[in-house]
Amino acid sequence: MRFDVISLFPEMFKAAEHGVTGKALQGKQASLHLWNPRDYTKDNHRTVDDRPYGGGPGMVMKVDPLKAVLQQARQAAPDSRVIYLTPQGQRFDQKAAREMAKRSGIMLLAGRYEGIDERLIDCCVDEEWSIGDYVLSGGELAAMVIMDAVTRLLPGVLGHAESAEQDSYMNGLLDFPQYTRPDDLDGRSVPEVLLSGDHAAIERWRLQQALGRTWLRRPDLLEQRELSAEEQRLLEEFIRTHQGASASS
Ligand code: ADE
């Protein structure tokens, strides 16, 4: 997977050299190509911002350096769609990550200031994505979020044990809770089934916890997902137990 990133702060992407993205960059499952609009300015001050037509606070990214950097980057990666990171974009989620992971490359355009000229979006941006309903001071962190979520889905990046298939959201549910040693943590014990060695019972318990937590915390996710008869039964049992527990407390 080829990542091209257009950003005024390419140094921020040093963060991608760590962890799973770092491993993928070293292992050649992913490559990262950084493009700085400032390198495409023509004035002595290397100006990258400009005043908005119509006035108002804040600046807009200057058009000419952006146009020039986009042209160069697109020549280098002609098969990559240009993705502009913006709170106005479509909400990024696991489904989008899975779809992007199938591509040969993506070009991530990180805006700064109040954003970029709308005509540049019209001419040169293929997709607009948001990572959530809040405003970041630039698209860089959003670009890194997308790179991370996509990279860990690439073949050969995660080992079998940490496989992405086992993740929360891969099956449309939140994760079940995890426990590790010690089996007594300041008086709190580990659910007995996890110590039983009964793998089928453990699987059932984990699925029930995932269903139950999703029901409690993200009921919207359950509405988007069909439950099998077994899942329905496990969830109903969870709800009965939960309601019994809250009635007695
Ligand atoms: N740039 C600023 N805020 C953003 C967000 N929430 N998602 C994507 N890009 C952004």
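Reader: Why is E127 called buried?
Author: The relative accessible area of E127 is 12%. The term buried applies under 20% relative accessible area, exposed over 50%, and partly exposed in between (1.4 Å probe, protein chains only). A value of 12% is under 20%, so E127 is buried. This is a predicted model, in which local features need pLDDT of at least 70 and side-chain atom pairs count only at pLDDT 80 or more, while totals for chains, interfaces and linings use all residues. Residues are numbered from 1 along each chain as its sequence is written, and side-chain values use heavy atoms, with hydrogens and water left out.

Reader: What makes the pair E127 and R103 a salt bridge?
Author: The closest N and O atoms of E127 and R103 are 3.1 Å apart. A salt bridge needs a side-chain nitrogen of Lys or Arg within 4 Å of a carboxyl oxygen of Asp or Glu. The 3.1 Å falls within 4 Å, so the pair qualifies. E127 sits in strand 7 and R103 in the loop between helix 3 (94-100) and strand 6 (105-110), so that the pair links distant parts of the chain, 24 residues apart. Helices (H or I, at least four residues) and strands (E, at least two) are DSSP runs, numbered from the N terminus. Salt bridges with shared partners join R81, E99, R103 and E127 into one network.

Reader: How do you know that E99 and R103 form a salt bridge, and which accessibility class does each residue fall in?
Author: For E99 and R103 the closest N and O atoms are 2.8 Å apart, which is within the 4 Å cut-off. R103 has a relative accessible area of 17% and is therefore buried. E99, at 38%, counts as partly exposed.

Reader: Why does the bridge between D133 and R91 tie together separate parts of the chain?
Author: The side chains of D133 and R91 meet in a salt bridge at 2.8 Å, N to O. D133 lies in the loop between strand 7 (127-130) and helix 5 (140-151), and R91 in strand 5 (residues 81-91), so the pair connects parts that are 42 residues apart in sequence. D133 has 66% relative accessibility and so counts as exposed. R91, at 46%, is partly exposed. A search of the whole structure finds 14 salt bridges.

Reader: What makes D4 buried or exposed?
Author: The relative accessibility of D4 is 0%, so D4 counts as buried. D4 belongs to strand 1 (residues 2-6). Residues up to four places away in sequence aside, D4 touches H33, W35, A77, I106, M107 and L108, where contact means heavy atoms within 4.5 Å. D4 and V82 are 78 residues apart in sequence, yet their C-alpha atoms are 9.0 Å apart in space.

Reader: How do you know that the span of helix 6 is close to what is expected?
Author: Helix 6 (residues 199-217) has 19 residues and reaches 26 Å from its first C-alpha to its last. The expected span is 1.5 Å times one less than the number of residues. The buried residues of helix 6 include W205, L211 and T214. Their cover includes helix 7 (219-223) and helix 8 (229-248).

Reader: What are the angle and the class for helix 1 and helix 5?
Author: The axes of helix 1 (residues 19-26) and helix 5 come within 9 Å and cross at roughly 70 degrees. So helix 1 too is roughly perpendicular to helix 5. V20, T21 and A24 of helix 1 make the contact with M147, D148 and T151 of helix 5.

Methods
Axes are lines fitted to C-alpha atoms, for helices over the stretch in contact, and angles run from 0 to 180 degrees between N-to-C directions. Angles under 35 degrees count as roughly parallel, over 145 as roughly antiparallel, 65 to 115 as roughly perpendicular and the rest as oblique.
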